[in-house]
Amino acid sequence: MPLTVRDLLAIPALRLQLAAGAAGLGRTVEAAHASESMTPSMWMEGGEVVMTTGLLFGPGPEDQADFVADLDRGRAAALILGIGSSLPCRHVPQELATAAEARGLPLLTVPERTPLAAITKTVFDARAAEERRLLERTLRTQRRLTAAAASADGLTDLLSAWHQATGVAVIVCDVLA
């Protein structure tokens, strides 16, 4: 199964907390991207967890709403805000939480003692595991289909194996028979 924001939030070692946007917890996480840009969407492909310390957040509520709107345009999976006494944000700015909630964008917090690299590594490890699982499934299916094709009743066995592997039935019509 692909990694979701909910899955990422459930990993105790990361110490992530949900601050807003619970409606988007089912979003699929494709990558993790650290950015201090106020317009990160230009660097995004969609499905990213965008991590920031909020270094460039402007003082006005519209600045944070614009930032969340930009993440939404970039189809971000979630926003992770680093918070702590040595970081620009000691707590979640209310304007940021309000904007994230309004757009259904999960806003997670991470304490300063959790390296953002740990989040990135977790995301890419999960993606690699999913790719490996899909590849192994493909190889198993290919082996079953090859064995069926090489059997005594090749076509019937092949079509049966195909149906079992895909759930899609196939009918072969021979106009010459």
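Student: Over how many bridges do strand S3 (residues 48-52) and S4 pair, and in which sense?

Tutor: This is a predicted model, in which local features need pLDDT of at least 70 and side-chain atom pairs count only at pLDDT 80 or more, while totals for chains, interfaces and linings use all residues. Residues are numbered from 1 along each chain as its sequence is written, and side-chain values use heavy atoms, with hydrogens and water left out. Strands (DSSP runs of E, at least two residues) and helices (runs of H or I, at least four) are numbered from the N terminus, and two strands pair if DSSP finds at least two bridges between them. For S3 and S4 the count is 4 bridges, and the sense is parallel.

Student: Which residue in S4 is the bridge partner of Val 50?

Tutor: Strand S4 covers residues 78-83. Within S4, the partner that Val 50 meets through a bridge is Leu 79.

Student: Which strands are the edge strands of the open sheet?

Tutor: The open sheet has 5 strands with mixed pairing, and their order is S1-S5-S4-S3-S2. An edge strand here pairs on one side only, and this holds for S1 and strand S2 (31-34).

Student: Is Ala 20 buried or exposed?

Tutor: Ala 20 belongs to strand S1. Buried means under 20% relative accessible area, exposed means over 50%, and partly exposed lies in between (1.4 Å probe, protein chains only). Because its relative accessible area is 7%, Ala 20 is buried.

Student: Which residues is Ala 20 in contact with, leaving aside its neighbours within four places in sequence?

Tutor: Contact means heavy atoms within 4.5 Å. Ala 20 and Ala 99 are 79 residues apart in sequence, yet their C-alpha atoms are 8.9 Å apart in space. With those sequence neighbours left aside, the contacts of Ala 20 are Ala 97, Ala 100, Glu 101, Leu 105, Pro 106 and Leu 107.

Student: What phi does Arg 15 have, and where does Arg 15 lie?

Tutor: Most residues other than glycine have a negative phi. Arg 15 is not a glycine, yet its phi is positive, at about 60 degrees. With a relative accessible area of 32%, Arg 15 is partly exposed. Its place is the loop between helix H1 (5-9) and strand S1 (17-20).

Student: Is Arg 75 buried or exposed?

Tutor: Arg 75 also has a positive phi of about 60 degrees without being a glycine, and it sits in the loop between helix H2 (61-73) and strand S4 (78-83). Since its relative accessible area is 54%, Arg 75 is exposed.
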